[in-house]
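Dear colleague,

Please find the structure below, handed over for your records.

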Amino acid sequence: METTDSFQRQMLEPVSLDRLQVRIGEEIGLSRWHMIDQTRIDAFADITEDRNFIHIDPARTKAETPYPTTIAHGFLSLSMLSAFAYEATPPLKGQAAALNYGFDEIRFLSPVQAGSRLRGKFSLLDISTRPSGHIQLTWNVEVEIEGQERPALVAKWISLALMEEERSA
């Protein structure tokens, strides 16, 4: 069930660079829960052409693996980071666009069974200004599985904020 608090996180106001810099080392935001059901898993399998039975065949998965049902692709859980970030991390004031710069680490720690709900927890590790003028933000991200202590994955994710003045230059 979504709460008013999770709905408010979807409408984050831009923050100043100074205000965000004082939060380095802190948790910045938490997304709402997102359902990872068999329909989503099947769609991801079709798009990526990864049709391993453990993702798309509940009966075979139950018969041949230790899991009672199918499990989501690790890359499906990882791909949810963009949706989680929109809800959990505020844009910078004057930001024209956000760019995905990559990852320093990704670890898949727990399988995500079909029917699970995931959310992203974002802590800010670092902010720097690149020679291009882009603001580089490094995030520690945990993708939590509702009702489980161990996360689905942890990652150090780097994004770039393209600022308005860069576009007009």
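Serine 159 is buried, at a relative accessible area of 14% (buried means under 20% relative accessible area, exposed over 50%, and partly exposed in between, with a 1.4 Å probe and protein chains only). This is a predicted model, in which local features need pLDDT of at least 70 and side-chain atom pairs count only at pLDDT 80 or more, while totals for chains, interfaces and linings use all residues. Residues are numbered from 1 along each chain as its sequence is written, and side-chain values use heavy atoms, with hydrogens and water left out.

The serine belongs to strand β6 (helices, H or I with at least four residues, and strands, E with at least two, are DSSP runs numbered from the N terminus). Its side chain and that of tryptophan 139 are joined by a polar contact of 3.4 Å. A polar contact is a pair of N or O atoms within 3.5 Å; within protein, one must be able to donate a hydrogen and the other to accept it, and residues adjacent in sequence count only if both atoms are side-chain atoms. Beyond its neighbours within four places in sequence, serine 159 has contacts (heavy atoms within 4.5 Å) that include Leu99, Tyr101 and Ile135.

**Pockets**

The largest pocket holds about 510 Å³ of space. On a 1 Å grid over the protein atoms alone, a pocket is an open set of points where a 1.4 Å probe fits, with protein on both sides within 12 Å along at least five of seven lines; lining residues have an atom within 4 Å of a point. Grid points are joined across faces, edges and corners, and the volume is the space filled by probe spheres set on the points.

Of the 24 residues lining the largest pocket, Ala85, Tyr86, Thr89, Ala98 and Trp157 are the closest to its centre. Strand β3 supplies the largest share of this lining, six residues. By class, the lining has 18 nonpolar, six polar and no charged residues (Ala, Val, Leu, Ile, Met, Phe, Trp, Tyr, Cys and Pro count as nonpolar, Asp, Glu, Lys and Arg as charged, and the others, Gly among them, as polar).

About 230 Å³ of space lies in the second largest pocket. Its 13 lining residues have Leu12, Val15, Arg23, Ile28 and Pro90 as the closest to the centre. The lining of the second largest pocket comprises seven nonpolar, one polar and five charged residues.

**Charged side chains**

There are nine salt bridges (a side-chain nitrogen of Lys or Arg within 4 Å of a carboxyl oxygen of Asp or Glu). One of them pairs glutamate 87 with arginine 32, with the closest N and O atoms 3.0 Å apart. Because glutamate 87 lies in helix α7 and arginine 32 in the loop between β1 and β2, this pair ties together parts that are 55 residues apart in sequence. Glutamate 87 is buried at 8%, whereas arginine 32 is partly exposed at 21%.

Lysine 121 and glutamate 144 also meet in a salt bridge (3.7 Å, N to O). Lysine 121 lies in strand β4 and glutamate 144 in strand β5, so this pair ties together parts that are 23 residues apart in sequence. Arg119, Lys121, Glu142 and Glu144 are linked in a network of salt bridges.

Strand β4 also contains arginine 117, which counts as buried at 18% relative accessibility. The side chain of arginine 117 makes a polar contact of 2.8 Å with the side chain of glutamate 146.

With kind regards
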